[in-house]
Amino acid sequence: MKAVIIEEFGDPAGMRVADRPKPAAGPGRLLVRTEAIGVGGVDAVIRRGTIGLAGEPGMVPGSEVAGVVEAVGAGVDPGWLGRRVWAFTGLTGGYAEYASAGLDDVTAIPDALDSVDAVTLGSAATVAHFALAHAHLAPGESVLVRGASGSIGIAAIQLAAHAGAAAVAGTTSSAERGRRLRRLGATHLLDRAGAGDDAFPDQVDVIVDIIGGQDVPAFVDRLAPNGRYVLVGAVAGFPPADFGRPLLTGFRLSRSIAAFSLDSVPVPERNRVRAQLFERAARGELGSVVHEVLPLAEAAEAHRRMDAGAVFGRIVLEP
Ligand SMILES: NC(=O)c1ccc[n+]([C@@H]2O[C@H](COP(=O)([O-])OP(=O)(O)OC[C@H]3O[C@@H](n4cnc5c(N)ncnc54)[C@H](OP(=O)(O)O)[C@@H]3O)[C@@H](O)[C@H]2O)c1
């Protein structure tokens, strides 16, 4: 089969298409003939080789695919054969014509949802759902999403709007991406520093932060009394060591910070919610947003665009 490998970590130019043996399904696993492959922020982090997540040269990146089950291993119901599924492949193995995944990491895709949309939503919308749940978002509250243009951020904006938030703000560096966020339910647009719309409240009930970095304390300081801050990603790196100081100086306001990872959610619960999100998207309730669909052979180009930072939503590769 054809697969994309990382021959040299660092620049996207170190990626190339190579012939690789088709994986075996293995006990408790399914083999998926891929139709759509999500290019995720974590793939770029691994390829850059900057934070010790990298594997060995020759590894196949990619963790999220959708396609048709071609084979099942021992212990897997043969009823899965021929079904279209979304699958999490781990930190490796996704950028390929065939990918294998454990039974726990597979969700059936409804007929009315295509594979490209499924990989756009599968991880990102599930993370956004549980991040908002972790924040105990209630109808009528205000929400600020840092990094709203990315795949998780877009889903967070849509889900917050659907959940009845009174005001939904997203940060973006681009007027065009901002206009698209408005169509998805953002009521206010802010620049990356959180400024730019005086009509958005100074104090906010829930902040979902996909960016992290040096600006975290300034955003923590914007929490309303009993406000909740959920840190989901670190696109701009880790926060400074004293990022919790505003909570101590504002002690009487009872504000909270949490770091959230989908890994902390029990697998059956994750899968149940992902299946529900797919059903909602299939009914047109949740618009999945794809930035661009490129052939598998253009994986390096997809990564160049990710590095340029101007991506709205998800880039998807097709074998
Ligand atoms: N917690 C979990 O379970 C979980 C699961 C999966 C992934 N993650 C994490 O989520 C992150 C990736 O999320 P994603 O794929 O949705 O994001 P993304 O597409 O990588 O980036 C989101 C947006 O952030 C903005 N941005 C980029 N650099 C910035 C900076 N220095 N300061 C402020 N804004 C910046 C850009 O939009 P604008 O140019 O429009 O501002 C970009 O489109 C990674 O850190 C990953 O590890 C977490």
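Helices (H or I, at least four residues) and strands (E, at least two) are DSSP runs here, numbered from the N terminus. By that scheme, Asn 226 sits in strand β12, which covers residues 223-231. You're looking at a predicted model, where local features need pLDDT of at least 70, side-chain atom pairs count only at pLDDT 80 or more, and totals for chains, interfaces and linings use all residues. Residue numbers start from 1 along each chain as its sequence is written, and side-chain values use heavy atoms, with hydrogens and water left out.

**Ligand site**

- Ser 173 has a side-chain N or O atom 2.6 Å from an oxygen atom of the ligand.
- For the side chain of Arg 177, an N or O atom is 2.8 Å from a ligand oxygen.
- Ser 151 takes part through its backbone, with an N or O atom 3.2 Å from an oxygen atom of the ligand.
- On its own, the ligand has 940 Å² of accessible area, and the protein covers 78% of that (Shrake-Rupley method, 1.4 Å probe; for residues, only the protein chains shown count as cover).

**Around His 303**

- His 303 belongs to helix α9, residues 299-308.
- Is His 303 buried or exposed? His 303 is buried, because its relative accessible area is 0% (buried means under 20%, exposed over 50%, partly exposed in between; 1.4 Å probe, protein chains only).
- Leaving out residues up to four places away in sequence, His 303 touches Pro 12, Met 15, Val 39, Asp 43, Ala 44, Arg 47 and Tyr 95 (contact means heavy atoms within 4.5 Å).
- With Arg 47, the His 303 side chain also makes a side-chain polar contact of 3.0 Å (a pair of N or O atoms within 3.5 Å; within protein, one must be able to donate a hydrogen and the other to accept it, and residues adjacent in sequence count only if both atoms are side-chain atoms).

**Domains**

- Domain 1 takes in 2-112 + 283-318, while domain 2 runs over 124-263 (bounds come from an automatic or database domain assignment).
- Their centres, taken over C-alpha atoms, are 28 Å apart.
- Ten residues of domain 1 are in contact with eleven of domain 2.

**Positive phi values**

- His 136, in the loop between α3 (124-134) and β8 (142-146), has a positive phi near 50° despite not being glycine.
- His 136 is exposed, at 61% relative accessible area.
- Asn 226 is another non-glycine residue with positive phi, near 65°.
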